[in-house]
Amino acid sequence: MSKEDYMNTSVQEPPLDFSFRSIHVIQDLTSEEPRTGLRPLRHSKSGKSLTQSLWLNNNVLNDLKDFSHVVSLLLEHPENLAWIDLSFNDLTSIDPVLTTFFNLSVLYLHGNSIQRLGEVNKLAVLPRLRSLTLHGNPVEEEKGYREDSGNWWRGKEVLVQGWPPARVFPAGNMCCAPCHVSPHSTSVGSPRQTAPRLKCGSA
């Protein structure tokens, strides 16, 4: 399969979904079973996933140590990772490792504990980033976050539909490509809740 054929195919793949798994450290992904959705994941001959989407939302991650290494174990083409969901974790900073995925176009960071405006600026080097979520982080209250129209992310930041989130039951995942709508639901009673995903193509 050519690289062009791969890109055209894998963008339609469902996500590698580790949401709601109470994951504390990235290394746990190698022993954890991903959630299953309406469509089965496809794998390469080596057993690695062909997806371009990695969902780690609604866990208890407070750092991304060994992220690149673990992703390389899970994905056949980690360099083509286009969508990362880290919403509703315990991240206090934006790890520079995220800036090494130059094909990243959708990054969900809402519902974390990111406090400093300088953390957001790290992402300015990502050439294809078009949809970024930051709501529900303490950085929203930092001076200059909303007032400065020159902030580079102002044209990329989006709100997930239905924010603030409602209490709903977990639902099966639908197609995961960044320009498709897929339900992204919560566990009842969880203090970390999300809402249906934004149709990123409209951002």
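Ser44 sits in the loop that runs between strand 1 (16-17) and strand 2 (53-55); helices (H or I, at least four residues) and strands (E, at least two) are DSSP runs, numbered from the N terminus. The model is predicted, so local features need pLDDT of at least 70 and side-chain atom pairs count only at pLDDT 80 or more, while totals for chains, interfaces and linings use all residues. Residues are numbered from 1 along each chain as its sequence is written, and side-chain values use heavy atoms, with hydrogens and water left out.

Ser44 counts as buried because its relative accessibility is 19%; buried means under 20% relative accessible area, exposed over 50%, and partly exposed in between (1.4 Å probe, protein chains only). Its side chain makes a polar contact with the side chain of Ser46 at 2.8 Å. A polar contact is a pair of N or O atoms within 3.5 Å; within protein, one must be able to donate a hydrogen and the other to accept it, and residues adjacent in sequence count only if both atoms are side-chain atoms.

**Salt bridges**

Side chains of opposite charge can pair when their charged atoms come close. The whole structure holds 4 salt bridges, each defined as a side-chain nitrogen of Lys or Arg within 4 Å of a carboxyl oxygen of Asp or Glu. Among them are the pairs in this table.

| Salt bridge | N to O distance |
|---|---|
| Arg42 and Glu13 | 2.8 Å |
| Glu32 and Arg21 | 3.6 Å |
| Lys122 and Glu119 | 2.7 Å |

In the salt bridge of Arg42 with Glu13, Arg42 lies in the loop between strand 1 and strand 2 and Glu13 in the loop between helix 1 (3-10) and strand 1, so the pair ties together parts that are 29 residues apart in sequence. Arg42 is partly exposed, with a relative accessible area of 35%, whereas Glu13 is buried at 4%.

Glu32 and Arg21 meet in a salt bridge, and both residues lie in the loop between strand 1 and strand 2, 11 residues apart. Glu32 is partly exposed, with a relative accessible area of 29%, and Arg21 is partly exposed at 27%.

**Aromatic pairs**

Rings of Phe, Tyr and Trp (its six-membered ring) pair if their centres lie within 6.5 Å; planes under 30 degrees apart count as stacked, over 60 as edge-to-face and the rest as tilted. The count by this rule is 3 aromatic pairs. Phe67 and Phe101 form an edge-to-face pair, 5.7 Å centre to centre with 90° between the planes. Phe67 belongs to helix 2 and Phe101 to the loop between strand 3 and strand 4, so this pair ties together parts that are 34 residues apart in sequence. Both Phe67 and Phe101 are buried.

Trp83 and Tyr108 are also an edge-to-face pair, at 5.8 Å centre to centre and 75° between the planes. Trp83 is in strand 3 and Tyr108 in strand 4, so the pair ties together parts that are 25 residues apart in sequence. Trp83 is buried at 0% relative accessibility, and Tyr108 is buried with a relative accessible area of 1%. Trp55, Trp83 and Tyr108 form one aromatic cluster.

**Backbone and loop positions**

Most residues other than glycine have a negative phi, and most peptide bonds are trans. Phe20, not a glycine, has a positive phi near 55°; Phe20 is placed in the loop between strand 1 and strand 2. Phe88 likewise has a positive phi of about 55° without being a glycine. Phe88 is found in the loop between strand 3 (83-85) and strand 4 (106-108) and is buried, with a relative accessible area of 5%.

Arg130 lies in the loop between helix 3 (117-121) and strand 5 (131-133) and counts as partly exposed at 29% relative accessibility. Arg130 and Ser105 are 25 residues apart in sequence, and their C-alpha atoms are 5.3 Å apart in space.

**Confidence**

The protein averages a pLDDT of 76, and 67% of the residues score at least 70; pLDDT is the predictor's confidence in each residue, from 0 to 100. Confidence is lowest in helix 1, at a mean of 46, and highest in helix 2 (residues 67-74), at 98. Over residues 5-10 pLDDT stays under 50, and the model has 12 contacts for them beyond four places in sequence. The pLDDT is also below 50 over residues 161-203, a stretch with 122 contacts in the model beyond near neighbours in sequence.

Methods. Contact means heavy atoms within 4.5 Å.
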